[in-house]
Every structure is written in C-alpha cells, then in structure tokens.
Amino acid sequence: MKEHIAAVHKQTIAQAAERLFLERGFDGTSISDICAASGYSRRTVYRYFDTKEEILYYIVANGLKQLRDRLTDIVQAEQPFLAKYEHICKAMRAYYEYCPVSARAVRQFRPPSLDAVTPTMEAIFSLGTDINDALSCWIEQGIAEGVVRETADVMMTVYVFSAQLHALFDLIETKGAFLLPTLGKTKEQFVAYGQKMILHSLAKEPLP
C-alpha cells in the first residue's frame with residue numbers, strides 16, 4: 001500500500017514537472033515552480049526526488065517504458081518485416097509526440113561518469129537496451145526474409161534507423177510551419193515520404 005501511495009505522489013509531481021519543462025524548458029523551471037504546480041511542499045517533493053534532474057530522469061524512463069512495451073509487442077507479433085515497419089514508425093512517432101519531454105531529453109542526453117549514475121539513470125540505460133534489442137530482432141527478421149541487406153551490421157543499423165526517424169520527426173516539428181506550405185504538402189504526406197525514404201535505405205532491393 002505504501003509503495004502504491006508513493007508511486008501516485010511521484011507520478012503527480014512528475015506530471016506537473018513535465019508540463020512545466022515543456023512550457024519553460026528544464027533550466028527555466030525551478031523546484032519551487034514544480035511545488036506550486038503539483039501542490040506539494042518542497043519537503044514532500046524532495047522526499048520522492050533528490051534533485052530536479054531525478055524528476056526529469058523519471059519522466060524519461062516513463063516515456064521509454066511505453067515505447068519499449070509497444071515495440072516489444074510489435075516485434076513479437078506474427079507479421080512480416082514490412083508490415084511491422086509501419087507499426088514501428090507509428091510507435092516511435094507517438095513517443096515523440098506524446099512524450100516530448102522524454103524524447104527531447106534522450107536526444108540531448110550525455111552519459112555521465114560511472115560514479116554519477118543513479119538508479120533511475122540505470123533504469124533508462126536498461127530501457128534503451130531493451131528498445132535496441134527489440135529493433136535488432138526486427139532487423140534480423142528483415143535480413144532473414146531477404147528484405148534487408150545481409151551485409152547490414154544489425155546494431156549499427158538500429159542506431160542509424162532510430163536517428164533517422166527522430167531527425168524526421170524533429171524536422172517536421174521545428175521547420176514544418178515553413179516547409180509544408182513551401183512544398184505544398186501536408187504533415188502526413190511529408191512524414192509518409194520521409195518514412196518511405198528511410199525504408200528504402202534499409203532495403204536490399206528497390207521497393208515499390
């Protein structure tokens with residue numbers, strides 16, 4: 001019961017902080033701001049989180065858990081490689097759009113020295129490993145089906161694939177207001193085209 005209550009309090013604090021981080025940025029948000037937004041005293045906030053950074057790491061981990069679980073379900077499904085690609089893209093886009101604080105923090109994260117790693121950071125590293133493992137299984141399936149080049153380095157392909165998708169989503173978010181009217185395309189058309197180009201970069205043979 002105590003663990004459940006603690007989890008509820010941590011989630012409430014984290015949700016308030018996430019809204020503030022999104023509106024003001026991490027550096028522009030203080031612990032006092034988080035206290036006011038969550039309705040908790042500084043003493044209570046510090047009971048559950050040692051630092052403001054730990055609140056951010058908690059938010060990052062929550063987003064990655066959702067992505068990890070969704071990708072695992074997709075990869076384990078009885079579907080061909082190409083069918084899974086569309087679902088993987090949707091899952092990663094949903095993470096980017098619905099967990100923006102987590103996604104941005106992951107892109108900007110710089111691993112600290114080993115003696116500075118906290119349990120929450122260890123959980124983030126573990127989630128990242130799980131996500132990469134799931135995508136590795138998917139790439140290996142593509143190689144086995146003859147869709148992906150058999151010479152592809154699986155883990156390097158995973159890193160490049162993830163970076164390409166995130167760069168696409170970042171481009172449409174930051175430059176979309178200018179690009180879309182200029183190109184005469186909708187957001188969905190632009191994203192679909194970008195995802196098609198990424199898929200072609202993986203393929204062994206030209207795809208329709």
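User: Buried means under 20% relative accessible area, exposed means over 50%, and partly exposed lies in between (1.4 Å probe, protein chains only). Is Arg 107 buried, exposed or partly exposed?

Analyst: This is a predicted model, in which local features need pLDDT of at least 70 and side-chain atom pairs count only at pLDDT 80 or more, while totals for chains, interfaces and linings use all residues. Residues are numbered from 1 along each chain as its sequence is written, and side-chain values use heavy atoms, with hydrogens and water left out. Since Arg 107 has a relative accessible area of 32%, it counts as partly exposed.

User: How many helices and strands make up the secondary structure of the chain?

Analyst: Helices (H or I, at least four residues) and strands (E, at least two) are taken from DSSP runs and numbered from the N terminus. Along the sequence the pattern reads α-α-α-α-α-α-α-α-α, and the secondary structure accordingly amounts to nine helices and zero strands.

User: What percentage of the residues of the chain count as buried?

Analyst: The C-alpha trace of the chain spans about 60 × 40 × 35 Å along its principal axes. Of the 208 residues in the chain, the part that counts as buried is 39%.

User: At what angle do helix α1 and helix α6 pack?

Analyst: Two packed helices are described by the angle between their axes and by the distance between those axes. Here the axes are lines fitted to C-alpha atoms, for helices over the stretch in contact, and angles run from 0 to 180 degrees between N-to-C directions. Helix α1 (residues 2-24) and helix α6 (residues 100-108) have their axes 9 Å apart, and they pack at an angle of about 65°.

User: Is Gly 142 buried or exposed?

Analyst: Gly 142 sits in helix α7 (residues 119-144), where it touches Phe 81, Val 147 and Val 148, not counting residues up to four places away in sequence. From C-alpha to C-alpha, Gly 142 and Leu 82 are 7.9 Å apart in space, although 60 residues separate them in sequence. Because its relative accessible area is 0%, Gly 142 is buried.

User: Which residue meets Arg 93 in a salt bridge at 2.8 Å, N to O?

Analyst: A salt bridge is a side-chain nitrogen of Lys or Arg within 4 Å of a carboxyl oxygen of Asp or Glu, and the whole structure holds ten of them. At 2.8 Å, N to O, the side chain of Arg 93 meets that of Glu 188. Arg 93 belongs to helix α5 (residues 81-98), and its partner, 95 residues apart from it in helix α9 (residues 187-202), is Glu 188.

User: How many residues apart in sequence are the parts that Glu 97 and Lys 187 tie together?

Analyst: Glu 97 and Lys 187 form a salt bridge whose closest N and O atoms are 3.6 Å apart. Because Glu 97 lies in helix α5 and Lys 187 in helix α9, the pair ties together parts whose separation in sequence is 90 residues.

User: Which residue in helix α8 pairs with Arg 107 of helix α6?

Analyst: The side chains of Arg 107 and Asp 170 meet in a salt bridge at 3.5 Å, N to O. Arg 107 lies in helix α6, so the pair ties together parts 63 residues apart in sequence, and the partner in helix α8 is Asp 170.

Technical notes
Contact means heavy atoms within 4.5 Å.
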